[in-house]
Amino acid sequence: DPGLAALAQRLPASLQQLQLGFQDCSQLRDSGLAALAHGLPTVLQQLQLSFQDCPQLSDPGLAALSHGLPPGLHELQLSFQHCPQLSDPGLAALADKLPGRLQHLHLNFDSSGRL
């Protein structure tokens, strides 16, 4: 999580596209998602995040990420495959905070057992 927080703090304010992939990150926690969300540039238009086999991620992390989505985001791709702690409240938090200008949305929650 400290590494993800450091990355988030150093994202350029003018960044318009961001793609990050995290696979088999067994130590990645909700606080890492919250730090990333806090550091997303407000001008970001395309965001693609993949969290596969990250068993510590849960609904509060997804909610924190949702709260940090930039309002001008046009394209959002999120993958949370094999994240067993995610459930309906996390997905509801995401749905509640989707940016109004969003034009493309792709979500993947395959094998996230509690959805």
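Reader: Is V43 buried, partly exposed or exposed?
Author: This is a predicted model, where local features need pLDDT of at least 70, side-chain atom pairs count only at pLDDT 80 or more, and totals for chains, interfaces and linings use all residues. Residues are numbered from 1 along each chain as its sequence is written, and side-chain values use heavy atoms, without hydrogens and water. Buried means under 20% relative accessible area, exposed over 50%, and partly exposed in between (1.4 Å probe, protein chains only). V43 has a relative accessible area of 38%, so V43 is partly exposed.

Reader: Which residues is V43 in contact with, leaving aside neighbours within four places in sequence?
Author: V43 lies in the loop between α2 and β2. Helices (H or I, at least four residues) and strands (E, at least two) are DSSP runs, numbered from the N terminus. Contact means heavy atoms within 4.5 Å. Leaving aside those neighbours, V43 contacts A13, S14, L15 and Q16.

Reader: In what order do the elements of the protein chain run from the N terminus?
Author: The chain has four helices and four strands. From the N terminus on, the order is α-β-α-β-α-β-α-β.

Reader: Which residues touch the most other members of the largest nonpolar core?
Author: A nonpolar core is a set of buried Ala, Val, Leu, Ile, Met, Phe, Trp, Tyr and Cys residues joined through side-chain atoms within 4.5 Å. The largest one has 28 residues, and those touching the most other members are L36, L47, L49, F51 and F80. At least two core residues come from each of α1 (2-9), β1 (17-23), α2 (30-39), β2 (46-52), α3 (59-67) and β3.

Reader: What is the bridge partner of E75 in β4?
Author: Two strands pair if DSSP finds at least two bridges between them. β3 (residues 75-79) and β4 (residues 104-108) run parallel, joined by five bridges. In β4, E75 has as its bridge partner H104.

Reader: What radius of gyration does the protein chain have?
Author: The radius is taken over C-alpha atoms, and the globule rule is 2.2 Å times the number of residues to the power 0.38. With 115 residues, a compact globule would have a radius near 13 Å. The chain agrees, because its radius of gyration is 13 Å.
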